[in-house]
Structures are given as structure tokens and as C-alpha cells.
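Let's work through a few exercises together. Have a look at the model below, then try each task before you read its solution.

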Amino acid sequence: MLRLETVSCIVVGNPGVVDPASGTMQLSADFAVWHELPIRKIFMDAFEKEVFVYNDVNLSAIGEKIYGVGKGYDNFIYIRADIGLKAGIMINGSLFEGERNAAGEFGLNYLIGNLPLDSYPPKIDRIESKLSVSALIHEIQQKMPEKPDDILCRLSGASPQQVTLDTVKKALDTPDTFIWELIEAYTHLLTLSIANLTLTLDIGLIIFGGEITQLNDQILVPMRQMLTQLLAHPPAVILSELGANACLYGAISKGQDFTYQALI
């Protein structure tokens with residue numbers, strides 16, 4: 001059993017853009033209800049230990065670099081696609097956090113297209129509104145009532161609220177389900193976004209984590225083929241082997257760094 005006196009520090013993974021001094025989220029996901037909580041102070045007061053708070057996806061990128069499929073790569077991007085769309089960026093073997101610790105907020109990029117000109121500032125959708133797994137499921141739910149004979153209706157009892165990633169995967173076993181059209185459009189847009197990132201940063205590897213890994217055959221396999229067509233030097237696109245533990249492994253690495261520095 002772990003004894004508190006043997007703990008040298010505590011590392012917390014917090015979603016959103018994190019203020020390292022307080023541990024609060026400076027820029028939080030829509031679902032976050034704790035964005036004003038001073039996480040670092042709460043933990044320090046409770047345990048009287050040094051506490052470090054980092055963005056959880058950045059910790060996942062570190063975990064992949066040290067313990068996962070990112071070993072051997074100096075320039076890669078870890079992308080987690082589930083309820084949101086976030087990225088951890090490794091450049092020259094080190095985590096790139098940007099000027100305000102906000103690098104990697106991939107999902108906040110704007111969708112490029114015909115911009116509305118009748119108002120200022122124009123209302124422009126962000127790619128997270130289309131490319132998170134939650135957004136894909138929501139679009140499928142919205143379209144389902146138009147397709148009463150589709151297999152998805154039978155699998156979900158014709159209730160959009162019962163449509164989950166599992167029911168979508170089962171429906172995709174049928175080639176004529178309407179979902180394939182949405183999957184193709186989703187894959188096309190996501191692949192273009194990845195291609196732009198690759199061209200901008202000269203990335204050699206894309207690591208996917210989160211719920212999207214469950215759609216490897218349906219999304220990530222065709223993505224590899226499209227990137228080969230689009231880019232002279234396409235990145236490798238692979239799945240995280242650490243899964244949901246990638247953040248934990250990154251936290252372990254950060255804790256080890258602190259402990260080592262305290263000993264020398």
C-alpha cells in the first residue's frame with residue numbers, strides 16, 4: 001500500500017489550457033464545470049506535497065514519447081479524438097507548448113470555406129464541431145430519422161438517443177447504411193486537416209488516441225491512403241498502444257523528472 005510519506009510529488013492531468021501556477025484552466029472544454037477550480041492549491045493543501053498540473057493531452061504525448069509508439073520519433077503529433085479534438089505536439093524531441101501553453105488546441109482551428117460576410121465578427125465553425133467523435137455521432141443521430149429503413153434504426157430501436165459508437169460500428173458491417181457517406185465526409189475533412197499540420201510542421205508521425213481508435217478500419221485506414229495521395233512524404237498514422245493510460249505514463253515521466261532533480 002502506498003504511503004503518503006514516500007510520495008515526492010503529485011502530477012495532475014487537467015483538460016484544456018492550464019495555468020501552471022494555479023492549475024486552473026485558462027481555456028476549457030465546453031463540458032468542463034471545474035474550470036475555475038485552483039487544482040494545484042487544492043492538492044497541495046490536501047497532501048502537503050509539490051503538485052504539478054499539466055494539460056492531459058500533452059501528458060499523453062510525453063507518455064507516447066517515453067513509453068509508447070512515439071519512441072524513436074523526434075517530431076510527432078498525438079491526437080485524441082473523442083468528446084473533443086486535442087493534440088500534443090513533439091518538436092525536436094521536446095513538447096511544444098507555445099507562447100501561452102495553448103499549443104495543440106487542434107479542435108479550435110477554424111473550418112475553411114465560404115465565410116459569411118453579413119456580420120462582424122463572422123460566425124465561423126471550428127473543426128471540433130465537425131471532427132470530434134461526439135460531433136460525428138451527433139450528426140448520425142440527426143440524420144437517422146430520415147432513414148427509417150436503415151439498419152441503424154433496427155439496432156437502436158429507432159431512437160437517436162440510443163445511437164452510440166458501438167451501434168454505429170455494428171451498422172457499418174452493412175455496406176448500404178447511410179453512415180458510410182458521413183464517415184467518408186468526416187475522413188476527408190480530418191485527413192485534410194492532418195495534411196495541413198504535416199506540411200506546416202514537417203511531422204513524421206501521427207498517433208491517434210481516444211474513441212476514434214475504435215474506428216481504425218473505417219477512418220484511419222482510408223486516411224493513410226489519402227495522405228499518401230496528398231503528400232510527397234506522408235506521416236505514419238498509427239494507434240496508441242498505451243490507450244487511456246498514455247496520460248498516466250506522461251505523468252509518471254514528469255514525476256520522475258522532479259524526483260531526479262530533487263536528488264541531485
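**Exercise 1.** At what angle do helix α7 and helix α8 pack, and how far apart are their axes?

*Solution.* A word on the model first: it is predicted, local features need pLDDT of at least 70, side-chain atom pairs count only at pLDDT 80 or more, and totals for chains, interfaces and linings use all residues. Residues are numbered from 1 along each chain as its sequence is written, and side-chain values use heavy atoms, leaving out hydrogens and water.

Step 1: find the helices, which are DSSP runs of H or I with at least four residues, numbered from the N terminus (strands are E runs of at least two). Helix α7 covers residues 179–201 and helix α8 residues 216–230.

Step 2: read the geometry, with axes fitted to C-alpha atoms over the stretch in contact and angles running from 0 to 180 degrees between N-to-C directions. The angle is about 50°, and the axes lie 9 Å apart.

Step 3: name the arrangement. Angles under 35 degrees count as roughly parallel, over 145 as roughly antiparallel, 65 to 115 as roughly perpendicular and the rest as oblique. Therefore α7 and α8 are oblique to each other.

Step 4: look at the contact (heavy atoms within 4.5 Å). Residues of α7 including W180, I183 and Y186 meet residues of α8, among them P222, M223 and L227. By class, this contact has 13 nonpolar, four polar and no charged residues. Here Ala, Val, Leu, Ile, Met, Phe, Trp, Tyr, Cys and Pro count as nonpolar, Asp, Glu, Lys and Arg as charged, and the others, Gly among them, as polar.

**Exercise 2.** Describe how α2 meets helix α9.

*Solution.* Step 1: the axes of α2 (56–67) and α9 (residues 246–263) come within 6 Å and cross at roughly 80°.

Step 2: that angle makes α2 roughly perpendicular to α9.

Step 3: on the α2 side, the contact includes D56, L59 and Y67, while α9 brings, among others, Y249, I252 and K254. Sorted by class, the contact has nine nonpolar, five polar and three charged residues.

**Exercise 3.** Which residues of α4 meet α7?

*Solution.* Step 1: the axes of helix α4 (residues 133–143) and α7 come within 10 Å, crossing at roughly 145°.

Step 2: V133, L136, E139, I140 and K143 of α4 meet I179, L182, I183 and Y186 of α7.

Step 3: seven of these contact residues are nonpolar, none polar and two charged.
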